[in-house]
Amino acid sequence: MSPFSAREAEKLGYTNIRVLSSGLPGWKKANGLVVLPADGLKKMIYEDDAYVLIDLRSREAATAGHIKGAVSIPEAELAAAKDRFPEDKSAPVILYSDGQASPESFGLVRGWGYKNATVLNGGAKGWDGNFFPGEAASEIVYVKKLKPGQITVAEFQQIASSKPSDKVILDVRDSGAEGTIPGAINIPLAQLADRLGELPKDKEYIIHCNTGIMAGMALKTLQDNGYQARYLDAVVQVSPNGSFDVAEK
């Protein structure tokens, strides 16, 4: 909850309100239970997002009717299924049972390193969308989908290391950020529109910031002005000597 939301809650008469200053990232880091609203899953299904949906009910229940895209792994078999989950730990993993999936199952998957694990609010009993009868999938297939203009971590690292002549790393972090990747150009996002003349249009610009948010905004600025560009939607830490570490969000 943001301070603004807290003030709104106070206006409604609530008096015992606390704000988690670290927000959802801090809650995830503390391994707190994260609940996905049904509308959130519906949106992911409608937009054909990449995710892993696990039906923890019995196989008989899943065969009678499961949510689109679900993989049937009964809760008692979940611990033994670890090696069947994606290597990509950033994969969204959604768990559902008859009601709310148990905190123990969530903690198990979260403990495997899947930081975007959630449980479906209300489970199957609370789901007001479609159910599909028939045998649910038994194998997990996950292929991460890039957002428009996004570059993979692996390709970013390869470009940053090999420095091809037709590509330039563009660092749009604020002035004073520690360290710059060797060969990169640093133009803070707030200055980018006024400094486009410093960037020749015969290069492709690979944009990064600390978290991907400013990089995504910079992508639009460049594309709107006729530049070829992609951006990294990941957490980047650059040391004073120019070495860097990239982690999926």
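How exposed is lysine 163: buried, partly exposed or exposed? Its relative accessibility is 45%, so lysine 163 counts as partly exposed. Lysine 163 sits in the loop that links α7 (153–162) with β7, and its phi is positive, near 50°, although the residue is not glycine.

**The model as a whole**

The structure is a predicted model. Its mean pLDDT is 89, and 88% of the residues reach 70 or more. Residues 1–6 have a pLDDT below 50, and this stretch has 8 contacts in the model beyond near neighbours in sequence.

The protein contains 9 helices and 12 strands. It has 249 residues, of which 40% count as buried. Among contacts with a separation of 6 or more, 63% are between residues 24 or more positions apart.

Strands β1 and β5 run parallel and are joined by 2 bridges; leucine 36 has leucine 120 in β5 as its bridge partner.

Helix α3 (residues 38–46) has Ala38, Leu41 and Met44 buried. These residues lie on the same side of α3 because they cover an arc of only 120° around the axis. The buried residues of α3 pack against β1 (35–36), β2, β4 and β5. On the face turned away from the buried side are the exposed residues Asp39 and Tyr46. Just after α3 comes aspartate 48, with a positive phi of about 55°; this residue belongs to the loop between α3 and β2.

Serine 97 is in another loop, the one between β4 and α5. Is serine 97 buried or exposed? With a relative accessible area of 14%, serine 97 is buried, because buried means under 20%. Apart from neighbours within four places in sequence, serine 97 contacts Leu56, Arg57, Gly123 and Ala124.

In soluble globular proteins, nonpolar side chains tend to be buried together. The largest nonpolar core here has 22 residues, and those touching the most other members are Ile54, Ile73, Phe85, Val93, Leu95 and Val109. Two or more residues of this core come from each of β2 (52–55), β4 (93–96), α5 (103–111) and β5 (117–120). Isoleucine 54 shows what such a position looks like: leaving out residues up to four places away in sequence, isoleucine 54 touches Val71, Ile73, Phe85, Val93, Ile94, Leu95, Tyr96 and Ile140. Another core lies apart from it, with 18 residues that include Leu199, Cys209, Ala218 and Ala229.

Strands β7 and β9 run parallel and share 5 bridges; leucine 170 has isoleucine 207 of β9 as its bridge partner.

**A hairpin, and the strand pairs side by side**

Strands β11 and β12 form a hairpin with 5 residues between them. In the turn, glycine 242 has a positive phi of about 95°. Valine 238 stands opposite phenylalanine 244 in β12.

| Strand pair | Direction | Bridges |
|---|---|---|
| β1 and β5 | parallel | 2 bridges |
| β7 (residues 167–171) and β9 (residues 204–208) | parallel | 5 bridges |
| β11 (residues 235–238) and β12 (residues 244–247) | antiparallel | 4 bridges |

Notes. Residues numbered from 1 in each chain as written. Predicted model: local features only at pLDDT ≥ 70, side-chain atom pairs only at ≥ 80, totals over all residues. Heavy atoms only, no water. Core = buried A, V, L, I, M, F, W, Y, C linked by side-chain atoms within 4.5 Å. Buried < 20%, exposed > 50% of the residue type's maximum accessible area, 1.4 Å probe, protein only. Contact = heavy atoms within 4.5 Å. pLDDT = per-residue confidence, 0-100. Pairing = 2+ DSSP bridges. Arc of directions from axis to C-beta.
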